[in-house]
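User: I have a model open and want to go through a few of its features. Can we start with helix packing and then move on?

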Amino acid sequence: MGGDSKQAHDIIFRLRWIIPPLIACLGVIYLVFDHVVVEGHPISSALILREALVIGLIGPVLAWFILTWAAREASQRESAEAELAHRNQELSTLNEISATVSQSLDLNEVLDRALDKVLAIAGAEAGEIRVLEHDQLVLKAHRRLSPWFLQAEGRVGLGECLCGMAAQCGKVMHVDDTVAGALTRPACQIEGFRSVVSAPVRAKERVVGVIHIASYQPHAFTPQQKQLLAAIGNQIGLAIENAQLYAEVKDLNQQLDRWVQRRTEELMAAKEELSEKARQLRQLVIETMHIEEKERARIAHEMHDGVIQLITGTLYETQAAKETLLTRPQVAFEKLRTAQELLKRMDAETRRAIYDLRPLILDSMGLVPALREHAASFSQLNGVPCALYLSGTCVRLPADTEVAVYRIVQEALNNVATHAQATSVQLFVDFTPGTVRVVVQDDGRGFDVDALPASPRRHLGLIGMRERAESVGGKLEIRSRPGEGTRVILEVPAERTQRNLGELRELKELRELRELKGL
C-alpha cells in the first residue's frame with residue numbers, strides 16, 4: 001500500500017512538468033489550424049493572440065496547480081501510510097515484547113527474553129537491563145559484554161553515567177557518539193561503544209530499572225526510536241513488577257512451607273514426647289502401686305512385729321501385776337514398771353511409723369525444720385554427713401509446694417544412699433523473692449545424664465521427682481557425670497510470702513522435738 005502511494009506521488013510529480021507544456025502546445029497548434037488554415041484569419045490578428053494567450057497560458061497554469069495539489073495529496077497520503085505502518089510496527093513490537101515477557105514469571109528469564117527482543121528490534125550489538133535496588137542499578141541481564149565490564153559496572157548509582165541519569169530523571173537518554181563525551185564513567189568508551197541509549201523501566205509511574213543498549217558505530221536515534229524504547233521500558237517494568245511479586249509470593253510460600261514443616265516436626269516431637277510421658281506415667285503408676293503395696297506390707301510387718309508384740313507384752317505384764325498385786329506387791333510393782341517401758345517403746349514405734357508416712361513437723365513448722373531434721377536422720381542412719389545451708393529470708397510456702405519439695409529432697413537423698421556411694425552430701429536452700437531454689441549435691445560416683453531417656457524404667461524415681469516439681473509449677477534439673485558426683489537442682493515459685501519462720505521457730509521446734517522423741 002505504501003509503495004503504491006509513493007509510485008503515484010512520483011508519477012504525478014513528473015506529470016505536472018510535462019502535461020502543462022503539452023496542453024499549451026496542443027492548444028496553440030489547434031488554434032492556428034482552426035483560425036488561420038480553416039477560417040483564413042491572419043496569424044497576427046487580435047482574436048488569435050487573445051485565444052492563444054488563454055489557451056497557452058491559463059490552461060497549462062491551471063493544470064500545473066491541479067497536478068501540484070494532487071502530488072501533495074499523494075505525498076500526504078504516503079506520509080500517513082508510512083506513519084500508520086510505523087505505528088503498526090511499534091504495536092507489533094510491543095505485542096511481541098509483551099508476549100515474550102509474559103511467558104514466564106521468573107525474573108531472570110523475563111529479563112533475558114526481553115533483552116534479546118529489544119536488541120533484535122533496535123539492531124544494537126550489546127545491551128543490559130538493570131534493576132533498581134536501594135538507590136543502585138544492579139545488573140541483572142546482559143548480552144555481549146566483557147567480563148571486565150561486568151565486574152566493573154555491576155552496580156551503578158543513581159545519577160551516575162547515562163543509565164543512572166535516565167533512571168534518576170525518568171527520561172530516555174542517549175549519546176550518538178561517545179567520543180564527544182557526555183558520559184560520567186569511562187566504561188562504555190573502554191568497552192568500545194560509540195553510541196548508547198538508556199531508557200527508564202517503569203512500573204506504575206515508578207522507575208524500577210533501565211534498559212541500556214549500545215552500538216559499536218555512531219548512530220543518531222530518532223524520536224520514534226526513543227519513544228518506542230520508552231514504551232518497551234513500560235512493558236518490561238510491568239513484567240519486572242509481576243516477577244518480583246511472584247518471587248515474593250514464592251518466598252512467602254517457601255517460608256510458610258518451612259514454618260508448617262517446622263511446626264509439624266514440633267507437633268510430632270510433642271506428640272512423641274507426650275506419648276513417652278504417658279508411657280512413663282503409666283509405668284510410674286504401676287511402680288507407685290508396687291511401692292504402695294510394699295509400704296503397706298512394711299507397715300503391717302512393723303505393726304505386727306513391733307507395736308502388736310509390745311501391746312501383747314504390756315497386756316501380759318499388767319495381767320501378771322494384777323495377779324500379784326495383793327500377794328506380792330514388789331513383783332507387781334516391777335511388772336507395772338516393765339509395762340510402762342513397753343508403753344514408751346510402743347509410743348516411739350508409733351511415732352516413728354507416723355513420721356515415715358508424713359512428718360508432722362512439716363505441717364506445723366514448715367519446710368526448713370523438716371529438711372533439717374531429715375538431714376540429721378539421714379546422716380545418722382547412713383553414716384554420710386549431710387550439711388544444710390540456708391540463704392535468704394525463710395518463708396512458709398503453700399502446703400502442696402512444701403510437700404513436693406520435701407518429697408523430692410527425700411527421694412534425692414534416698415538415691416544418694418542407694419546408688420551414689422558418696423562420702424558427703426550438701427543441701428542448699430536459697431530463698432529469693434518469688435522463687436525457692438533447692439540443691440542436693442553429693443560427691444559420689446555420678447552417672448551419665450544423657451542415658452536417662454534410653455532406660456526410663458531404671459530411673460522412675462527421677463521421673464517422679466520431675467513430675468512432682470512440675471505439679472507445683474517448678475522445674476527440676478539433674479547434672480551429673482561419671483566420677484564427678486551429682487547435683488539435683490530444684491526451683492519452685494514462692495507464690496505467697498507468709499510469716500517468717502523465725503517468729504515461732506525456737507518455741508515450736510523445741511516443743512515438737514520433745515513430743516516426737518517422747519521426752
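User: At what angle do α10 and α11 pack, and how far apart are their axes?
Analyst: This is a predicted model. In it, helix α10, residues 367-382, packs against α11 at an angle of about 15 degrees. The two axes are 11 Å apart.

User: Roughly parallel or roughly antiparallel, then?
Analyst: Roughly parallel, because angles under 35 degrees fall in that class.

User: And is the crossing left-handed or right-handed?
Analyst: Right-handed, as α10 passes α11.

User: What is phi for Q421?
Analyst: Near 55 degrees, which is positive, and Q421 is a residue other than glycine.

User: Buried or exposed?
Analyst: Q421 is exposed, with a relative accessible area of 62%. The cut-off for that class is over 50%.

User: Where is D135, and what is its phi?
Analyst: D135 lies in the loop between β1 and β2, the latter being residues 136-143. Its phi is positive, about 65 degrees, although D135 is not a glycine.

User: Is D135 buried or exposed?
Analyst: D135 is exposed, because its relative accessible area is 56% and the class begins over 50%.

User: How much space is in the second largest cavity?
Analyst: About 60 Å³.

User: Which residues line the second largest cavity?
Analyst: The lining is made up of E128, R130, F149, E153, V156, C161, C163, A187, C188 and H212.

User: What is the split by class?
Analyst: In the lining of the second largest cavity, 6 residues are nonpolar, 1 is polar and 3 are charged.

User: What about G192, where is that?
Analyst: G192 is in the loop between α6 and β5, the strand at 195-203.

User: How exposed is G192?
Analyst: G192 is partly exposed, with a relative accessible area of 31%. That class runs between the 20% limit for buried and the 50% limit for exposed.

User: Last one. How far is G192 from Q217, in sequence and in space?
Analyst: G192 and Q217 are 25 residues apart in sequence, and their C-alpha atoms are 9.2 Å apart in space.

Methods
Residues are numbered from 1 along each chain as its sequence is written. This is a predicted model: local features need pLDDT of at least 70, side-chain atom pairs count only at pLDDT 80 or more; totals for chains, interfaces and linings use all residues. Side-chain values use heavy atoms; hydrogens and water are left out. On a 1 Å grid over the protein atoms alone, a cavity is a set of points where a 1.4 Å probe fits but cannot get out, and a pocket is an open set with protein on both sides within 12 Å along at least five of seven lines; lining residues have an atom within 4 Å of a point. Grid points are joined across faces, edges and corners, and a volume is the space filled by probe spheres set on the points. Ala, Val, Leu, Ile, Met, Phe, Trp, Tyr, Cys and Pro count as nonpolar, Asp, Glu, Lys and Arg as charged, and the others, Gly among them, as polar. Helices (H or I, at least four residues) and strands (E, at least two) are DSSP runs, numbered from the N terminus. Buried means under 20% relative accessible area, exposed over 50%, partly exposed in between (1.4 Å probe, protein chains only). Axes are lines fitted to C-alpha atoms, for helices over the stretch in contact, and angles run from 0 to 180 degrees between N-to-C directions. Angles under 35 degrees count as roughly parallel, over 145 as roughly antiparallel, 65 to 115 as roughly perpendicular and the rest as oblique. A crossing is left-handed if the near helix is turned anticlockwise from the far one by less than a right angle, and right-handed if clockwise.
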